[in-house]
Amino acid sequence: MGTGAKSAGQMTSRQRVMAALRREPVDRTPVCNPTSVATVELMDLADAPFPEACREPESMARLAATGYTELGFDTIMPVYTIIQESSALGCKIQWEQKDNWPTVKMREPIWEKPEDIKIPSNLLTHSDTKCVLDAIRILRKEFGDEVAIIGKTMGPWSLGYHCFGVEQFLLMSLDDPGKTKLCLEKLKEATVQFGLAQIEAGADALTLPDHATGDLVSAEYYERYLRDLHIEFVERIPAPLILHICGRTVDRMDYIAQTGMAAFHYDSKNEPAESMGVVRSRISLVGNINNPETLFSKGPEQVRKEVYKNLDAGVQLVGPECAIPLQTAIENLKEIPLAVRDWHREHATTN
Amino acid sequence: MAEITDISNDFIRQEIEEYIERPEERERNINLFARARPKMQEIAAALIDGDNDTVNRLTREALDSGIEALEVMDDGLIAGMGIVGIKFRQNFIFVPEVLACARAMKAGMAHIEPILSAAGIEPVGKVIMGTVKGDLHDIGKNLCIMMLRGSGFEVIDLGVDTAPDRFIEAVEEHDALLLGMSALLSTTMPNMGKTIEAFIDADLRDKVKIMVGGAPVTQEFADDMGADGYGKDALACVATAKKLLGVVAKTRA
């Protein structure tokens, strides 16, 4: 049963999460949300609807806290979107309404070539990045050492999609690898700056989404363009990093496990046991409860089955595979920590 | 039945031997390329290689030498794109490589389309495509459109963030029998169902077949939403489109 070497109730949520990120013993597997568990129901409960909860620190913190206070997760994650620093870089944003996430208007790219890239001096004081920093400060003050607070800083590959447009960036990566690497070198400074600022504000760990997914690019692409950059992030950012890549990734998990990142947040398109076999204790896995078919469309019983499948495989932190659909029923989310506790109870005698 | 040795172009022979594993697809491609003239094989090879300059040049040369536009499209461009689609489905190549091939296809089609249009040659079928309301992601939809066009379909691209009313307007305006919807976000996936409901409310559901796709979309979800078809990837989208238009033709007969 993975790292379950301590007796139940011994650890705070924060201790539990941080230990699991280091692959150290835990009293039970932590329930973790490295992306977003914001839902319309939780927005109503906290009186913190989108898009305000993505732009206003008190509202952002209030909604984030519900992940711990209402759902019983061991983490609080206030960054619901992947657009905060892209907005600060100059991308146009479609802010949407309560029932949808804000999105970068990638059909209106802001840059065409590496020379265009400028990390603005106000990257950390822009209202959409400052909001995240202020929300983390609010949460740290309110919850102290009780619960793990996770921030988020976007990796340069994802920022490339946002700033250059997905098709243009991917074609550049094929036509001119040198230019692409130069873009990534320049963009990585935004990743580091925003990451360091969130740690200073009080984040315990950072999610680092960098969408080099098997749905778009090959495993060799990850190795060629990103593995060394991700190693550099581990060296430069003094907090546990949780790499997030959606979709099929099992073919690149060996490279990912070489980066020194604390954890990899993986998608339900990858089997837990197979994924654990590839990473072989070099990195913790977080995940991978299916969003659209399970959390959104099915009931607690199916959620429980997927939780058990992850725990049976030895996955170190359990949670949804990605940002959950905003219309997901709270009942399904609450089932995750309940199932984790039950699984540990059922397996306690075998320890 | 032709043999692979009947194909004169070395590159095409290697592509088939190395990447096409399913017997029926091997047979179809061997037959296709064995009867295609060498110049068409060259065009297909350049397209598979993502070389848009060469496709552009060879297509022009072929047309100038008197080869019919339809033959250049079918035996050169579409045949090449067929191999690209199989390699993509089998994860031998990924999106950047497909984008380069699609760019090459576009370079060739720029010479072909005006000729076909002037001659009044009908496309295989007409499809309305769009990403659903609230969703600004279009790479998957665009790949489907490239493959559909690369298979001879006329595609009306409504872009992203497409409201149900806009889909309805487009179907009516273009008298289309097939609609394709895409979504990347789990939050916007339900808008596929809302769009289908809008077609029911407008009393148009029986007049159009609807297919859906997108990274998080599954056959089960498509069935729940009431779609007629689902495509796991861009190649499956083409197969679904052909199947659904066949169904439509039979229904109308």
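Start with Arg22(A) and Glu24(A), whose side chains form a salt bridge at 3.2 Å, N to O. By salt bridge I mean a side-chain nitrogen of Lys or Arg within 4 Å of a carboxyl oxygen of Asp or Glu. Arg22(A) counts as partly exposed because its relative accessibility is 47%. Buried is under 20% relative accessible area, exposed is over 50%, and partly exposed is in between (1.4 Å probe, protein chains only).

A word on the source: this is a predicted model, where local features need pLDDT of at least 70 and side-chain atom pairs count only at pLDDT 80 or more, while totals for chains, interfaces and linings use all residues. Residues are numbered from 1 along each chain as its sequence is written, chains are lettered from A and ligands numbered from 1 in the order in which they are written, and side-chain values use heavy atoms, without hydrogens and water.

Next, Arg140(A) and Asp204(A) pair at 2.5 Å, N to O, in another salt bridge. Both Arg140(A) and Asp204(A) are buried.

Glu185(A), Lys188(A), Glu189(A), Glu232(A) and Arg236(A) are joined in a salt-bridge network. Over all chains, the whole structure has 43 salt bridges.

How many of these run between chain A and chain B? The count is three. In one salt bridge, Arg107(A) meets Asp138(B) at 2.7 Å, N to O.

Finally, the contact (heavy atoms within 4.5 Å) takes in 35 residues of chain A and 29 residues of chain B.
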